[in-house]
Amino acid sequence: MAAKAIEVNNLTFSYPDTDEPVLKDINFSINHGEILGIIGPTGAGKSTLAMCVNGLVPQVINGEMEGTVKVNGSEVSESSVAKMSEDVGFVFQEPENQLSQMTIEEEVAFGMGNLGVPRDDMRVRITDALEQVGLTGFEKRSPLALSGGQQQRLAIAAVLAMRPSIMIMDEPTSMLDPKGKNEVYDVLKNLKDYGMTGIIIDHEVERIAAYCDKVLVLYEGEVQMFAPSEEVFTNIKKMHELTLNAPQVTEFLSSYNQAFGKDVKLSTTLEEAVDNFESVCK
Amino acid sequence: MEPYISVKNVSHKYPNGVTAIKDINLDIHEGEVVAILGSNGSGKTTLVKHFNGLLKPTKGEITVGTMNTKKERISKLSSRVGYVFQNPNHQTFLPSVKQELAYGCKNLKMTEEDIETRVQKAIDLFRLEDRLDDNPFDLNSSQRKEVAMASIMAVSPKVIVLDEPTTGQDHKGCKRVLELVRMFQREGHIVVLITHDMHLIGELNCRTVVMNQSEKIADDHASVVFSDKGIMEEAGLQPPQITQFANQITNLDEMKTYLTVESIIEWMKANKEEDVKVGTGS
């Protein structure tokens, strides 16, 4: 059987000088081409877990780690962070933190330059990456002249150009307006067409439900749920126990069933919720 | 009743020639909670920065209390209008929570006794007793944000501006912001919210001003604004998921103005409309 895109086994991690591990015995795996959403309250360990996948933890951000993290079948701890960045791209919350060049073209070229990609190849990749995020025609502009949503898409393009097989985004939409948020999630959806695997950390459960294949719920460093999105979000009782909320339509159908003794099938997206509700209330 | 903040025909042109707000008229009265919505770059923040004199109108006039912002010093205006920034790190810099809470009052040269009373009130309202000696940077982002809000509260300006208060907050953090807005209102403050968070506005169901391309395009109750498809589309906004759902499932117009799951369920119970007939949708 082909190796999983990401395979995490018995992962426990503690930051220096802390009593309790921030991640406790984490186990999960995702296949190539899948999009995984990671949700959980602030401080649950979401970002730390993401950084274990590209080796930033523990190689740059130190601590004590047990267990294994494998990317495309190879152990992350056996590669350098630089080597890992060829396989795993990382997009942070604030795009300004990862933009540094004078023009958009140079910005996209920057990461590739560090990988030693030949010049001709670079040109092709720049064109491709900008097209993928809808920024074709912006090549000569300054990154600082872009809106927040565009900057975030540019940060994504710069990572895409490095042709990683896995893309991790840590709260990439929190600074963006609704349109900008949709733009970023649409890029995430497109990753699938390129055979890429994606991980997104976000508090936006409605978008996670609509775009992710699977969801992993972290709570105080432990995996509380790991299942297809629908299965996670329709377990309303458990979500509430973990101080989390399901999408509003799921919350509504659940409250409706409870209040009126009905049995409308819970769903996690707007369209399906409307269909399910209609079929019972005609 | 005279408005507390009165914005008359205000435009602001930045030195680089960009007109960020155009011909804005807006009156805000005692006791109001006003949300300012709009996409990134629509002029929301520029408008609000006029309230405390950080920006002066290049055309038109603004009065706050009885002060004309063009003629008053920022220091004087800041005792009337407190601004809580999106990123609490931009306004937290002292080594302990207690010092942080007293900073604004000290700056305004209040007496020691007065400062003590005000800081104590903020400590009580925000339940910060156990954190007074903590370094704000050892707190998590939600707690740090609360410290920033509490230190503004200590100054007790009439108007409290919250810039994107729910950004990056988990579900619990968002609920806390909601409580705090209501608390500010109970304490007699005017609250101005700059936000992209449609769930927050849905919960508050407050007056909502929509900015688009430097102009004010709507100013009404959230339920009215959210059901105006033209305005929402023009501004690139989407109402909360539950409102979109309500718009599609029922032919009972009244329900379309409900903005939260709880309020729809309550309405259904009151109207014994559990078997809501399915409308044509819109």
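Trainee: What should I know about the model and the numbering?
Mentor: This is a predicted model, where local features need pLDDT of at least 70, side-chain atom pairs count only at pLDDT 80 or more, and totals for chains, interfaces and linings use all residues. Residues are numbered from 1 along each chain as its sequence is written, chains are lettered from A and ligands numbered from 1 in the order in which they are written, and side-chain values use heavy atoms, with hydrogens and water left out.

Trainee: Back to Lys76(B). Which side chain does it meet in a salt bridge?
Mentor: Glu72(B), at 3.7 Å from N to O. A salt bridge here is a side-chain nitrogen of Lys or Arg within 4 Å of a carboxyl oxygen of Asp or Glu. Glu72(B) is partly exposed too, with a relative accessible area of 22%.

Trainee: How many salt bridges over all chains?
Mentor: The search finds 23 in the whole structure.

Trainee: Which residues are linked in a network?
Mentor: Glu32(B), Arg207(B), Lys216(B) and Asp219(B), by salt bridges. Asp219(B) pairs with Arg207(B), closest N and O atoms 2.9 Å apart. Asp219(B) sits in strand 10 (residues 215-221) of chain B and Arg207(B) in strand 9 (residues 207-212), so the pair links distant parts of the chain, 12 residues apart. Strands (E, at least two residues) and helices (H or I, at least four) are DSSP runs, numbered from the N terminus. Asp219(B) also meets Lys216(B), at 3.2 Å, N to O.

Trainee: Arg207(B), buried or exposed?
Mentor: Buried, at 16% relative accessibility. Asp219(B) is partly exposed, at 28%.

Trainee: New topic. How much do chain A and chain B bury between them?
Mentor: About 3,100 Å², 64% of it on carbon and sulfur atoms. Buried area is the accessible area (1.4 Å probe) that two parts lose on being put together, summed over both. In chain A, Gln248(A), Phe252(A) and Phe260(A) lose the most area to chain B, together 21% of what that side buries.

Trainee: How many residues does each chain give to the contact?
Mentor: Chain A gives 36 residues and chain B gives 36. Contact means heavy atoms within 4.5 Å.

Trainee: And how many salt bridges across that interface?
Mentor: The rule finds 0.

Trainee: Which helix of chain A gives the most to the side that touches chain B?
Mentor: Helix 11, with 9 residues.

Conventions:
Buried means under 20% relative accessible area, exposed over 50%, partly exposed in between (1.4 Å probe, protein chains only).
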